[in-house]
Amino acid sequence: MTTLLPAFAGANTLYGAGMLELGMTFSLEQLVLDNDMISMTKKAMQGIPVNEETLSVEFIDQVGIGKNFLAHKSTRQNIDLPSNPMLIDRLMFGDWQMAGAKDIATVAHEKVVDIMKNHEVAPIDADLLKDMQAVVEKADKAFRASM
């Protein structure tokens, strides 16, 4: 049987993505970092599965007290259950160094550059665009009438 353990108690508003200096400055790199944190928070809010497999008690017993449980295969298999970051690197330190040892700011900058070069915005549905234009025209008409 799997129980979903709620990770948060009703938080439903996340504010300030990309902002620095109390909102006086905006950073695209900070925006992609914040997006990663928001995505991980949303995933955790779905609940964390708690069952025989995810508790891994059998493997903890096999590894033993004071040994490296983090390197065990079951830990690596379950590490993304509570969150699944796009930018945060979960490699072991030595592996991270061999992969280039990029700090999170560099990774965020590379993501921004990739998005700016490659992201294509899906076109707005024609009916929705028509409805949006009607709202703008109505607001413009009301504004002109108030002058």
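A salt bridge is a side-chain nitrogen of Lys or Arg within 4 Å of a carboxyl oxygen of Asp or Glu. Side chains of opposite charge can pair when their charged atoms come close. The model examined here is predicted. A search of the whole structure finds one salt bridge. The partners are E110 and K102, whose side chains meet at 3.0 Å, N to O. E110 has a relative accessibility of 36% and therefore counts as partly exposed. K102 is also partly exposed, at 39%.

The helix α1 was examined next. This helix spans residues 28-45 and has 18 residues. From its first C-alpha to its last, α1 reaches 25 Å. That value is close to the 26 Å expected at 1.5 Å a residue. The buried residues of α1 are V32, L33, D34, D36, M40 and A44. They pack against β2 and against α6, which covers residues 104-118.

Both ends of α1 have features of their own. S27 sits in the loop between β3 (25-26) and α1. At the start of the helix, a side-chain oxygen of S27 comes to within 3.2 Å of the backbone nitrogen of E29. S27 has a relative accessibility of 12%. Buried means under 20%, so S27 counts as buried. Beyond its neighbours within four places in sequence, S27 is in contact with G18 and L20. At the other end, just after α1, G47 takes a positive phi of about 105 degrees.

The surface was also searched for patches. Y15, M19, F26, L28 and M116 make a nonpolar surface patch. Its area is about 600 Å². One of these residues, Y15, lies in the loop between β1 (3-5) and β2 (19-20). The relative accessible area of Y15 is 73%. Exposed means over 50%, so Y15 counts as exposed.

A further loop joins the account. A99 is found between α5 (93-98) and α6. With a relative accessibility of 56%, A99 is exposed, because the cut-off is over 50%. A99 and G16 are 83 residues apart in sequence. In space, their C-alpha atoms are 32 Å apart.

Key:
Residues numbered from 1 in each chain as written. Predicted model: local features only at pLDDT ≥ 70, side-chain atom pairs only at ≥ 80, totals over all residues. Heavy atoms only, no water. Helix = DSSP H or I, 4+ residues; strand = E, 2+ residues; numbered from the N terminus. Buried < 20%, exposed > 50% of the residue type's maximum accessible area, 1.4 Å probe, protein only. Contact = heavy atoms within 4.5 Å. Patch = residues over 30% accessible without salt bridge, like charges linked within 9 Å, V, L, I, M, F, W, Y side chains within 5 Å. Areas by Shrake-Rupley, 256 points an atom, 1.4 Å probe, with all protein chains shown as cover. Expected span 1.5 Å × (residues − 1). Polar contact = N/O pair within 3.5 Å; in protein donor to acceptor, adjacent residues only side chain to side chain.
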